[in-house]
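Please go through the points below with the model open beside them. They are meant for someone seeing this structure for the first time.

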Amino acid sequence: MTQWQQLALSSAKVMMASSTVIQIRVMQMSLGIMRPEEATRMAFEKVSALAKATEMSGRALAANKGPAEAALAGLEPYARATRANAKRLSRTAARAK
């Protein structure tokens, strides 16, 4: 049961970080200040995270770790990317003020 609780908590953290990233990126787009590098990153990071998540969850399933552990492993690449983006974009947004 602990793994399912950990998955729920990790999912909530990803949702919070994602909302921060979305808010800042939408603001940048609406103000016309989004750098081309950020727009490119926005598209390509999703493909990379999906590939890594598929690999990690597949490895967990192949190791017979169970569905909760596989879901946690698959969530981790998204969690890492959203945390990094939220941190980076929050610093950028704070400097722009």
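1. Ile22, Val26 and Met29 make up a nonpolar surface patch whose accessible area together is about 280 Å². Patches are built from residues with over 30% relative accessible area and no salt bridge, joining like charges within 9 Å and nonpolar side chains (Val, Leu, Ile, Met, Phe, Trp, Tyr) within 5 Å. A salt bridge here is a side-chain nitrogen of Lys or Arg within 4 Å of a carboxyl oxygen of Asp or Glu. Areas are from the Shrake-Rupley method with a 1.4 Å probe, and for residues only the protein chains shown count as cover.

2. The model is predicted: local features need pLDDT of at least 70, side-chain atom pairs count only at pLDDT 80 or more, and totals for chains, interfaces and linings use all residues. Numbering starts from 1 along each chain as its sequence is written, and side-chain values use heavy atoms, leaving out hydrogens and water.

3. Ile22 lies in helix H1, residues 2-31; helices are DSSP runs (H or I, at least four residues) numbered from the N terminus. Ile22 counts as exposed because its relative accessibility is 53%, where exposed means over 50%, buried under 20% and partly exposed in between (1.4 Å probe, protein chains only). Buried residues of H1 are Leu7, Val14, Ala17, Val21, Ile24, Arg25 and Gln28. An α-helix has 3.6 residues a turn, so residues three or four places apart point the same way.

4. How far apart are the end C-alpha atoms of H1? They are 44 Å apart, which agrees with the 44 Å that its 30 residues should span at 1.5 Å a residue; the expected span is 1.5 Å times one less than the number of residues. Just after H1, Gly32 has a positive phi of about 70 degrees.

5. Asn64 sits in the loop between helix H2 (36-62) and H3. Its phi is positive, about 60 degrees, although Asn64 is not a glycine. Most residues other than glycine have a negative phi. Asn64 is exposed, with a relative accessible area of 69%.

6. Asn85 belongs to helix H3, residues 67-96. Is Asn85 buried or exposed? At 4% relative accessibility, Asn85 is buried. Leaving aside residues up to four places away in sequence, Asn85 touches Val21, Arg25, Arg41, Glu45 and Ser90; contact means heavy atoms within 4.5 Å.

7. The side chains of Asn85 and Arg88 make a polar contact at 2.7 Å (N or O atoms within 3.5 Å; within protein, one must be able to donate a hydrogen and the other to accept it, and residues adjacent in sequence count only if both atoms are side-chain atoms). Arg88, also in H3, is buried at 17% relative accessibility.

Notes. Helix = DSSP H or I, 4+ residues; strand = E, 2+ residues; numbered from the N terminus.
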